[in-house]
Structures are given as structure tokens and as C-alpha cells.
Amino acid sequence: MKLTKKFLSALLVCAAAVTLLCAAAGATAAPVTAETPAQKQAVLDTINAVRQQNGLAPVAETADTDAQADRMAALYFSTDDGDAYDAQWLAILDTEVEGKVSIGDCYSYKLQNGGWDITDWNNMDLLPTPAFKLLKSADVTMVGISFTNEGGVVLLPY
């Protein structure tokens with residue numbers, strides 16, 4: 001009987017430890033999904049098709065721009081608020097990639113699954129927004145693309 005109680009106690013302690021570790025890992029995991037190159041290419045192709053309709057050169061996606069978009073996607077779901085959040089937000093936007101800083105972010109919820117579509121942005125009155133500039137500004141030459149766990153897409157135009 002004593003051996004059974006010791007075994008059960010040890011089992012409960014292990015179960016509690018595993019639960020705590022899993023909770024901690026979940027709390028610190030970045031909400032960025034491991035997208036496929038095909039998904040990123042589909043988004044980039046859509047952006048560039050709209051830019052072509054508007055008489056603009058295509059934008060390029062790079063590993064550096066994607067890294068910044070991943071940082072922005074993680075920040076969307078962080079528990080930070082106030083000054084810490086603002087400081088991180090500005091740090092991402094102020095980080096130079098190939099000599100340029102981002103003009104801001106575009107967040108599209110479930111782009112692939114019936115949410116906002118990038119092509120819809122082309123027809124909206126979005127003049128001062130990053131979404132408008134991504135599709136209609138010759139100054140934008142690069143874009144970072146990151147997918148979130150909820151199926152959204154973060155676009156960071158440069």
C-alpha cells in the first residue's frame with residue numbers, strides 16, 4: 001500500500017510538472033505559423049498582380065522583411081501593453097531593411113479564407129494607409145509576409 005501511494009504521489013508530481021511546462025511553453029510561443037513557400041508566393045503574387053494593374057513594379061519579399069513581419073505578428077498577440085507595446089511596435093517599424101524602414105503594417109484576418117482580400121484594398125478609400133501604399137505607391141519596393149495562428153496575414157511594406 002505504501003509503495004502504491006509513493007508511486008501515485010510521484011505520478012501526480014510528474015503530471016503537475018508537465019502541465020506547468022506545457023502552460024509556460026504555450027504562453028511564450030510566438031503566434032506565427034510555419035507557412036509554406038507556396039502560401040507566401042500566393043500572397044506575393046496577389047500583391048504584385050494588383051500593383052501591375054496599377055502600373056507599378058512588383059515588390060520583393062526577402063528573409064529580412066519576413067523576419068520583421070514575424071516580429072510584428074508576434075506582437076499582435078503579445079500580452080504587453082502601454083509603453084512596452086508601443087516601444088516594441090516602433091522598434092519593428094524603425095528597423096532598417098536594405099536601407100529602408102517600414103511604412104507601417106497591414107493586417108489581414110484570414111486572407112485565404114473569406115476575410116479581407118488584398119484585392120479589395122485596391123478599391124477602398126485607404127489613401128494614407130500602408131495597405132493603400134503597398135498597392136499604389138512606387139516608393140514601396142519590398143514586403144514582409146507572416147502568417148498568424150488564427151489564419152491572418154501580416155504584411156510589412158518597405
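1. Trp89 is buried, at a relative accessible area of 19%. That value falls in the buried class because the cut-off is under 20%. The model is predicted, so please read every value here as computed from it.

2. Three aromatic pairs turn up in a search of the whole structure. In one of them, the rings of Tyr76 and Trp89 have centres 5.8 Å apart and planes at 80 degrees, so this pair is edge-to-face. The pair links distant parts of the chain. Tyr76 sits in helix α3, and Trp89 in helix α4 (residues 82–94). They are 13 residues apart. Tyr76 is partly exposed, with a relative accessible area of 24%.

3. Tyr76 also pairs with Tyr107. Here the ring centres are 4.6 Å apart and the planes stand at 35 degrees, so the pair is tilted. Tyr107 is partly exposed, at 22% relative accessible area. Ring pairs join Tyr76, Tyr85, Trp89 and Tyr107 into a cluster.

4. Now the charged side chains. How many salt bridges does the structure hold? It holds two. In one, the side chains of Lys40 and Glu61 meet at 3.6 Å, N to O. Glu61 counts as partly exposed, at 24% relative accessibility.

5. In another, the side chains of Lys40 and Asp66 meet at 2.7 Å, N to O. This pair links Lys40 in helix α2 with Asp66 in helix α3 (residues 63–76), 26 residues apart. Is Lys40 buried or exposed? Lys40 is buried, with a relative accessible area of 12%. Asp66 is buried as well. Salt bridges link Lys40, Glu61 and Asp66 in a network. Side chains of opposite charge can pair when their charged atoms come close.

6. Helix α2 covers residues 37–53. At 1.5 Å a residue, its 17 residues should span 24 Å. The end C-alpha atoms are 24 Å apart, which agrees. The buried residues of α2 are Lys40, Val43, Leu44, Ile47, Asn48, Val50 and Arg51. They cover an arc of only 160 degrees around the axis, so they lie on the same side of α2. An α-helix has 3.6 residues a turn, so residues three or four places apart point the same way.

7. Which exposed residues does the other face of α2 carry? The face turned away from the buried side carries Ala38, Gln52 and Gln53. Gly55 follows α2, and its phi is positive, near 75 degrees.

8. Last, strand β1. Ala60 is found there. Ala60 counts as partly exposed, at 36% relative accessibility. Ala60 and Asn48 are twelve residues apart in sequence and 9.0 Å apart in space, C-alpha to C-alpha. Asn48 is among the buried residues of α2. Leaving aside residues up to four places away in sequence, Ala60 touches Thr141, Met142 and Val143.

Terms used. Residues are numbered from 1 along each chain as its sequence is written. This is a predicted model: local features need pLDDT of at least 70, side-chain atom pairs count only at pLDDT 80 or more; totals for chains, interfaces and linings use all residues. Side-chain values use heavy atoms; hydrogens and water are left out. Helices (H or I, at least four residues) and strands (E, at least two) are DSSP runs, numbered from the N terminus. The expected span of a helix is 1.5 Å times one less than its number of residues. Buried means under 20% relative accessible area, exposed over 50%, partly exposed in between (1.4 Å probe, protein chains only). The arc is that of the directions from the helix axis to the C-beta atoms. A salt bridge is a side-chain nitrogen of Lys or Arg within 4 Å of a carboxyl oxygen of Asp or Glu. Contact means heavy atoms within 4.5 Å. Rings of Phe, Tyr and Trp (its six-membered ring) pair if their centres lie within 6.5 Å; planes under 30 degrees apart count as stacked, over 60 as edge-to-face and the rest as tilted.
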